[in-house]
Amino acid sequence: MYKYEYYTESIFYQFEQTAKYCKYLGMQVFQKLDMPVSTDEFAALDVINVNEGICQRELAKIILRDRSNTGRILDSLEEKGYVERYVDTKNNRLVRRVKLTVSGKIVTEETSVKLRKYISNLPKVFSDEDKDKLRSLIIKFRESLEQEVEMKI
């Protein structure tokens, strides 16, 4: 039985509120640390770093942005010299793929180091074990939502 009477008491609302705080904190941290990229740009760089040669559509699905927003993010990163796009084929179709440049790899690593250092100095609310459990639960919850949500990316 669902024990919460109001939507604002639900896990869905609590996740939404928590996600908003995380987004604002991320934007403030990136500004405070004078990062060379935005949070959205860094998310894209991080995904490309792990998935060299990813296509724009796959990237959009992972960062949960529509293709036009993903295109704008990639345009900005390309202007800054952090990514290169190239044409490839997949199932006999032309696909634009993305890879990091040397500068992109450097900025991704430097940004990651700054973020890890900053995050490690935040107050410790959870033990490492609790963080691992929470992360697993969040992933499990998100994956169950992915089965229900119809996204057009």
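Visitor: What volume does the second largest pocket have?

Guide: The second largest pocket comes to about 320 Å³. This is a predicted model, and the value is computed from its atoms.

Visitor: What makes a residue part of the lining of the second largest pocket, and which residues line it?

Guide: A lining residue has an atom within 4 Å of a pocket point. For the second largest pocket the residues are Cys 55, Gln 56, Arg 57, Glu 58, Lys 61, Arg 67, Lys 90, Asn 91, Arg 93, Leu 94, Val 95 and Arg 96. Two or more of these lining residues come from each of α3 and β3 (93-100). By class, the lining holds 7 charged, 3 nonpolar and 2 polar residues.

Visitor: How does the largest pocket divide by class, and what is its volume?

Guide: The volume of the largest pocket is about 2,900 Å³. Its lining has 45 residues, with Thr 18, Ala 19, Cys 22, Lys 23 and Ile 138 nearest the centre. The elements giving two or more residues to this lining are α1 (11-32), α2 (39-50), α3 (56-63), α5 (102-120) and α6 (128-148). By class the lining of the largest pocket has 30 nonpolar, 11 charged and 4 polar residues.

Visitor: Which element gives the most to the lining of the largest pocket?

Guide: That is α1, with 15 residues.

Visitor: Why is the contact between Asp 88 and Arg 97 called a salt bridge?

Guide: The cut-off is 4 Å from a side-chain nitrogen of Lys or Arg to a carboxyl oxygen of Asp or Glu. The N to O distance between the side chains of Asp 88 and Arg 97 is 2.9 Å, so the pair qualifies.

Visitor: What makes Glu 109 and Arg 116 a salt bridge?

Guide: Their side chains meet at 3.7 Å, N to O, and the cut-off is 4 Å, so the pair counts. Glu 109 is partly exposed, at 45% relative accessibility.

Visitor: How far apart are Glu 129 and Lys 133 in helix α6, and why does their contact count as a salt bridge?

Guide: Both residues lie in α6, 4 residues apart, about one turn of the helix. The N to O distance of 3.3 Å is within 4 Å, so the contact counts as a salt bridge. Glu 129, at 53%, is over the 50% cut-off and therefore exposed. Lys 133, at 47%, is partly exposed.

Visitor: How many salt bridges are there, and which residues form a network?

Guide: The structure has 13 salt bridges. Lys 23, Asp 40 and Arg 65 are linked in a network of them.

Visitor: How many aromatic pairs does a search find, and why is the pair of Phe 12 and Phe 141 given its class?

Guide: The search of the whole structure gives 4 aromatic pairs. In the pair of Phe 12 and Phe 141 the ring centres are 5.6 Å apart and the planes stand at 45°, so the pair is tilted. Stacked would need under 30 degrees and edge-to-face over 60. Phe 12 is in helix α1 and Phe 141 in helix α6, 129 residues apart, so the pair links distant parts of the chain. Phe 12 is partly exposed, at 42%.

Visitor: Why is the pair of Phe 30 and Phe 42 given its class?

Guide: The planes of Phe 30 and Phe 42 are at 55° and their ring centres 5.9 Å apart, so this pair is tilted. Phe 30 is in helix α1 and Phe 42 in helix α2, so parts 12 residues apart in sequence are tied together. Both values fall under the 20% cut-off: Phe 30 is buried at 8%, and Phe 42 is buried at 12%.

Visitor: Which residues do ring pairs link into a cluster?

Guide: The cluster consists of Phe 12, Phe 15 and Phe 141.

Visitor: How do you know that the charged end of Lys 99 sits over the ring of Tyr 86?

Guide: The charged end of Lys 99 is 5.9 Å from the ring centre of Tyr 86.

Conventions:
Residues numbered from 1 in each chain as written. Predicted model: local features only at pLDDT ≥ 70, side-chain atom pairs only at ≥ 80, totals over all residues. Heavy atoms only, no water. 1 Å grid on protein atoms, 1.4 Å probe; cavity = no way out; pocket = protein on both sides within 12 Å on 5 of 7 lines; lining within 4 Å. Points joined across faces, edges and corners; volume = space filled by probe spheres on them. Nonpolar A, V, L, I, M, F, W, Y, C, P; charged D, E, K, R; others polar. Buried < 20%, exposed > 50% of the residue type's maximum accessible area, 1.4 Å probe, protein only. Phe/Tyr/Trp six-rings, centres within 6.5 Å; stacked < 30°, edge-to-face > 60°. Lys NZ or Arg CZ within 6 Å of the ring centre and 35° of its normal.
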